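Keep the 3D view open as you read.

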Amino acid sequence: MGKLYFKYGAIGSSKTASLLMTKYNYEQKGFKVLLIKPAMDTRDGENVVRSGVGLASAEAVPVSETDNMVDVYLRYKSHVILVDEAQFLKEEQVNQLHEVVDMYEIPVICYGLMTDFTSHLYEGSKRLVEIAESLDEIKTVCTCGRKATVNARINASRRLVKTGEQVEMSGGDRYISLCYKCWSMLK
């Protein structure tokens with residue numbers, strides 16, 4: 001029976017490492033896995049997903065903002081779909097992933113950030129929260145020890161940045177995870 005999952009967490013919560021472990025577990029049991037990622041994420045290469053801690057990587061199918069997720073599934077037919085950086089999906093693409101779940105009875109497991117550096121929901125995350133059958137938080141901690149919930153953007157001087165474009169692709173050098181209290185108190 002298929003189900004749409006959203007596994008979310010702040011920067012540094014090992015979302016991609018968890019995705020790669022899930023991929024490994026499915027494949028060890030003989031299941032075909034379709035791993036997709038937004039084409040805009042070229043940090044580790046056009047078709048590579050790599051964990052932030054460098055433990056593992058895997059090939060992925062890049063999808064653009066205009067790709068239809070049902071068509072992508074039909075092109076690569078699999079037993080399960082894993083999505084990295086799901087926050088960058090468009091609302092309609094999330095709807096299409098749910099169509100895949102409903103029509104083909106396969107699990108679709110999305111991993112991503114809930115909010116951007118200004119603490120506002122991403123489009124893809126918002127829709128996943130609205131329609132996913134399962135929401136699971138992958139937790140990490142703030143520098144103060146509380147649960148981190150904000151993906152804070154920092155500049156080269158390690159000062160907090162609270163304005164700018166919603167998406168800025170970079171490695172771990174531009175973002176840190178903070179609790180809301182620490183984020184709101186920093187200037």
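In this predicted model, 6 strands line up in an open sheet in the order 5-2-6-7-1-8, and their pairing is parallel. Strands here are DSSP runs of E with at least two residues, helices are runs of H or I with at least four, and both are numbered from the N terminus; two strands pair if DSSP finds at least two bridges between them. The edges belong to strand 5 (61-63) and strand 8 (134-137), each with a single partner strand, so one side of each has no neighbour in the sheet. From one strand to the next, the twist averages 20°. Angles run from 0 to 180 degrees between N-to-C directions, with axes fitted as lines to C-alpha atoms, for helices over the stretch in contact.

As for helices on this sheet, helix 1 (residues 15-28) packs on it and touches strand 1 (4-8), strand 2, strand 6 and strand 7 (108-112), where contact means heavy atoms within 4.5 Å. The direction of helix 1 makes about 160° with that of strand 7. Helix 4 (residues 123-131) lies across strand 1, strand 7 and strand 8, at about 125° to strand 1.

Look next at helix 3 (residues 91-104), whose 14 residues reach 20 Å from first C-alpha to last, close to the 20 Å expected at 1.5 Å a residue; that expectation is 1.5 Å times one less than the number of residues. Its buried residues include L97, H98 and V100, buried meaning under 20% relative accessible area, exposed over 50%, and partly exposed in between, with a 1.4 Å probe and protein chains only. Among the elements covering them are helix 2 (69-76), strand 6 and helix 4. Just after helix 3, E105 takes a positive phi of about 55°.

A second open sheet has 3 strands in the order 10-9-11, with antiparallel pairing. Strand 9 (residues 150-154) pairs with strand 10 over 2 bridges, and I154 stands opposite L160 there.

How many disulfides does the structure hold? There are 0, a disulfide being a pair of cysteine sulfur atoms within 2.5 Å. The sulfur of C142 has its closest cysteine sulfur in C182, 3.7 Å away, too far for a bond. C142 is buried at 5% relative accessibility, and C110 is buried at 0%.

Residues are numbered from 1 along each chain as its sequence is written, and side-chain values use heavy atoms, leaving out hydrogens and water. Local features need pLDDT of at least 70 and side-chain atom pairs count only at pLDDT 80 or more, while totals for chains, interfaces and linings use all residues.
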